Amino acid sequence: MLAVLRALVNADAPTWGLQVCKRAKRSTGSVYPLLGRLEQAGIVRSAWDETDRPGARRRLYDLTVSGRGWAREQLRGAADVAQPATASPVPGDAVTGDAR
């Protein structure tokens with residue numbers, strides 16, 4: 001989920017679903033259901049791309065105002081958890097406690 005949130009937070013404009021998959025480096029089978037759940041929760045909104053371009057229609061996804069704040073909080077929280085605790089050096093062998 002964090003990779004999808006990061007892709008949406010970093011997007012400059014509404015982004016089509018396959019682009020979210022590519023940026024998040026996740027499969028469509030995991031991203032599209034997640035986007036659907038996020039939309040139902042009011043975190044993401046989507047709309048069909050109405051531009052006149054060849055090819056299949058694209059669904060564009062964007063974070064809502066409150067969703068953007070929520071997503072940033074989730075990403076910050078994950079970054080805080082990922083930070084390793086700094087430990088002071090322990091003299092001697094860390095496994096046995098024997099001084100060397």
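1. In this predicted model, buried residues account for 28% of the 100 residues in the chain. Of the contacts in the chain with a separation of 6 or more, 44% are made by residues 24 or more positions apart.

2. The chain holds four helices and three strands, and read from the N terminus its elements follow the order α-β-α-α-β-β-α.

3. The largest nonpolar core comprises 19 residues, and V4, L8, V44 and L63 are those with the most contacts inside it. At least two residues of this core come from each of α1 (2-10), α2 (17-24), α3 (28-40), β3 (59-63) and α4 (65-82), with α1 giving the largest share, namely six residues. As general background, nonpolar side chains in soluble globular proteins tend to be buried together.

4. For L63, once its neighbours within four places in sequence are left aside, the residues in contact are L8, V9, I43, V44, R45, R68 and A71. Two of the residues in that list, L8 and V44, are also named, together with L63 itself, among those with the most contacts inside the core.

5. The three strands form an open sheet in the order β1-β3-β2, and the pairing is antiparallel. Its edge strands are β1 (15-16) and β2 (44-48), each of which pairs on one side only. Between β2 and β3 the antiparallel pairing extends over five bridges, and R45 stands opposite D62 in β3.

6. Where α1 and α2 pack, their axes come within 8 Å and cross at roughly 115°, and the crossing is right-handed. The residues that meet there are A3, V4, A7 and L8 from α1 and V20, R23 and A24 from α2; sorted by class, this contact has six nonpolar residues, no polar residues and one charged residue. V4 and L8, which take part in this helix contact, also belong to the residues with the most contacts inside the nonpolar core.

7. One backbone value deserves a separate comment: K25 has a positive phi of about 55°, although K25 is not a glycine. This residue lies in the loop between α2 and α3. Is K25 buried or exposed? It counts as exposed, because its relative accessibility is 72% and the cut-off for exposed is over 50%.

Note on methods. Residues numbered from 1 in each chain as written. Predicted model: local features only at pLDDT ≥ 70, side-chain atom pairs only at ≥ 80, totals over all residues. Heavy atoms only, no water. Core = buried A, V, L, I, M, F, W, Y, C linked by side-chain atoms within 4.5 Å. Buried < 20%, exposed > 50% of the residue type's maximum accessible area, 1.4 Å probe, protein only. Contact = heavy atoms within 4.5 Å. Pairing = 2+ DSSP bridges. Axes fitted to C-alpha atoms, helices over the stretch in contact; angles between N-to-C directions. Left-handed = near helix turned anticlockwise from the far one by under 90°. Nonpolar A, V, L, I, M, F, W, Y, C, P; charged D, E, K, R; others polar.
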